[in-house]
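Here is a friendly walk through one protein chain, written to be read with the structure open beside you. Take a look, and then we will start with a question.

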Amino acid sequence: MKLSLVLAAEQKSQDVTDWAARVGWVVGLLLVIALVYWLMREGWKWRGTLQGDLPELPQAPAEPGTPILTMSGRYHGSTTAGQWLDRIVAHGLGTRSRVELTLTDQGVSVVRPGARDFFIPAAELRGARLDKGIAGKVLAEGGLLVITWQLGEKLLDSGFRSDHAAEHTAWVDALTELSGGPSEAAAPSHDTEGSR
């Protein structure tokens, strides 16, 4: 009897879970995540405000002409020309999406399901090249078609990746010929962040 009382006294009940503390930690973590998301969103909007001086995106003409080349793939974004990390977000240019590109004598039609379409007039083309990265997207060497073009006073690089990467070289050649510029098919180095 005495032994069973001693054993019973030595046995402790299992600690009770402190639900209030756990709920407090979960709520605190959710608030931190919400704050980070809100700050990222505000930064994106602030960048768009800073780029508000960009003119409206050109729209495709009613009669765009006979297609020279077409391509299906992905639009990865636009940056200030020569600065592969300086993303342009104004007018929806920062939104990644599927894309259908059509090249005619009048320019490049960029159709983006779920995002804003635009047109790059032939007169505004400044060249094209193969590259490996743009605005947070890095691919294999030469895995990205980059079109350099003029929007108002700003020179932009827009990055595209075809569903069939072998098409990129034909696009570089055709765009270079249309823009009247020298071929830049070789990808520049991205050894330093923010510059080429």
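Are Arg129 and Asp157 buried or exposed? Both Arg129 and Asp157 are buried, where buried means under 20% relative accessible area, exposed over 50% and partly exposed in between (1.4 Å probe, protein chains only).

## About the model

This is a predicted model, in which local features need pLDDT of at least 70, side-chain atom pairs count only at pLDDT 80 or more, and totals for chains, interfaces and linings use all residues. Residues are numbered from 1 along each chain as its sequence is written, and side-chain values use heavy atoms, with hydrogens and water left out.

## Overall layout

The chain has three helices and ten strands; helices (H or I, at least four residues) and strands (E, at least two) are DSSP runs, numbered from the N terminus. Their order from the N terminus is α-α-β-β-β-β-β-β-β-β-β-β-α. Of the 196 residues in the chain, 34% are buried.

Contact here means heavy atoms within 4.5 Å. Among contacts with a separation of 6 or more, 63% are between residues 24 or more positions apart.

## Salt bridges

A salt bridge is a side-chain nitrogen of Lys or Arg within 4 Å of a carboxyl oxygen of Asp or Glu, and the whole structure has five. One of them joins Arg129 and Asp157 at 3.0 Å, N to O. This pair links distant parts of the chain, with Arg129 in strand S6 and Asp157 in strand S10, 28 residues apart. Arg129 and Asp157 also belong to a salt-bridge network with Asp131.

Arg116 and Glu56 form another, with their closest N and O atoms 2.4 Å apart. Arg116 lies in the loop between S4 and strand S5 (118-121) and Glu56 in the loop between helix H2 (19-50) and S1, so this bridge ties together parts 60 residues apart in sequence. Arg116 is partly exposed at 34% relative accessible area, while Glu56 is exposed at 51%.

## Strand pairing around S10

Two strands pair if DSSP finds at least two bridges between them. S10 runs antiparallel to S1, joined by seven bridges, and Thr79 stands opposite Asp157 in S10. S9 and S10 also pair in the antiparallel sense over seven bridges, with Trp149 opposite Leu156 in S10. Two residues separate the strands in the hairpin of S9 and S10, where Gly152 has a positive phi near 65°.

## Helix H3

Helix H3 (residues 168-179) has twelve residues and spans 16 Å from first C-alpha to last, close to the 16 Å expected at 1.5 Å a residue, the expected span being 1.5 Å times one less than the number of residues. Its buried residues include Trp171, Val172 and Leu175. The strands that the buried residues of H3 pack against include S1 (69-80), S6 (125-131) and S10 (154-162). After H3 comes Gly180, with a positive phi near 75°.

What does the side chain of Thr104 reach at 2.8 Å? It is the backbone oxygen of Pro64. Thr104 lies in strand S3 and counts as buried because its relative accessibility is 3%. Beyond its neighbours within four places in sequence, Thr104 is in contact with residues including Pro64, Ile68 and Leu178.

His91 sits in the loop between S2 and S3. With 19% relative accessibility, His91 counts as buried. Although not a glycine, His91 has a positive phi of about 60°.

Key
A polar contact is a pair of N or O atoms within 3.5 Å; within protein, one must be able to donate a hydrogen and the other to accept it, and residues adjacent in sequence count only if both atoms are side-chain atoms.
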